[in-house]
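Please look over the chain shown here before reading on. The report below goes from the whole chain to single residues.

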Amino acid sequence: MHRLARNGVRLLGTLQDIDGACLSIAPDLHDNLVGTDQREAELLGKIDMLVSMRKLDLPEEKPERLEDGYAAPLLERLELDEAGVTSVIWATGYGFSFELVRFPVFDEDGYPLQQRGATAQPGLYFVGLPWLYNKRSGLLSGVAEDAAHIAEHIEARDNGKGWSRE
């Protein structure tokens with residue numbers, strides 16, 4: 001997350017609601033970063049322990065300690081037009097969370113109606129869903145291909161080349 005902030009990505013807290021073109025955001029970004037940093041440290045500790053237990057001859061690495069995300073302001077509202085936001089990436093983790101999507105793009109079971117991630121609602125896309133395009137779509141190892149396809153759609157839209165669900 002800190003590297004994203006360093007590279008110019010605006011980090012925000014948890015999305016609470018959307019009212020027109022305004023996002024309501026919980027001021028919990030820094031707390032979320034603390035948790036992320038702790039989980040990273042725990043994972044690196046487990047990796048180091050495994051390397052030690054297996055007596056692996058590996059060079060010692062000192063991960064760079066980044067804190068760029070903590071410089072981000074704690075916003076509680078964000079006007080999308082004023083902020084120049086034309087795309088929103090909503091990452092829900094490993095569980096589905098569609099309750100804030102208020103467009104008629106779901107089937108009777110609440111699953112998004114889409115073709116390779118593109119919905120009938122211009123600019124609304126999904127990635128990371130099982131069998132979105134192939135059997136790997138719902139896995140970390142397969143989401144990149146689907147995300148690249150969606151990125152091409154967004155780029156084409158932003159370059160005035162039109163919008164297509166294919």
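Predicted model: local features only at pLDDT ≥ 70, side-chain atom pairs only at ≥ 80, totals over all residues.

## Overall make-up

The chain holds four helices and three strands. Read from the N terminus, the order of these elements is α-β-β-α-β-α-α. The C-alpha trace extends over about 55 × 40 × 35 Å along its principal axes.

Of the 166 residues in the chain, 23% are buried. The accessible surface amounts to about 12,000 Å², and carbon and sulfur atoms account for 54% of that surface. Taking contacts between residues at least 6 apart in sequence, 51% connect residues at least 24 apart.

## Aromatic pairs

How many aromatic pairs does the chain have? The count is three. One of them joins F98 and F106, with 5.5 Å between the ring centres and 40° between the planes, a tilted arrangement. F98 is buried because its relative accessible area, 17%, falls under the 20% limit.

Through ring pairs, F98, F106 and F126 are linked into a cluster.

## R116 and its ring

R116 belongs to the loop between α3 and α4. Which ring does R116 lie over? R116 lies over the face of Y133, at 3.5 Å from the ring centre. The backbone of R116 has a phi near 50°, which is a positive value in a residue other than glycine.

## Helix α2 and D37

Helix α2 covers residues 29-53 and includes D37. Is D37 buried or exposed? D37 is buried, because its relative accessibility of 10% is under the 20% limit. Leaving aside residues up to four places away in sequence, D37 touches H2, R65 and Y70.

K55 is in the loop between α2 and β3. Although K55 is not a glycine, its phi is positive, at about 50°. K55 counts as exposed because its relative accessibility of 72% is over the 50% limit.

P63 lies in the loop between α2 and β3 (77-79). With a relative accessible area of 52%, P63 is exposed, because the limit for that class is 50%. P63 and A41 are 22 residues apart in sequence, and their C-alpha atoms are 9.7 Å apart in space.

Notes. Residues numbered from 1 in each chain as written. Heavy atoms only, no water. Phe/Tyr/Trp six-rings, centres within 6.5 Å; stacked < 30°, edge-to-face > 60°. Buried < 20%, exposed > 50% of the residue type's maximum accessible area, 1.4 Å probe, protein only. Lys NZ or Arg CZ within 6 Å of the ring centre and 35° of its normal. Helix = DSSP H or I, 4+ residues; strand = E, 2+ residues; numbered from the N terminus. Contact = heavy atoms within 4.5 Å. Areas by Shrake-Rupley, 256 points an atom, 1.4 Å probe, with all protein chains shown as cover.
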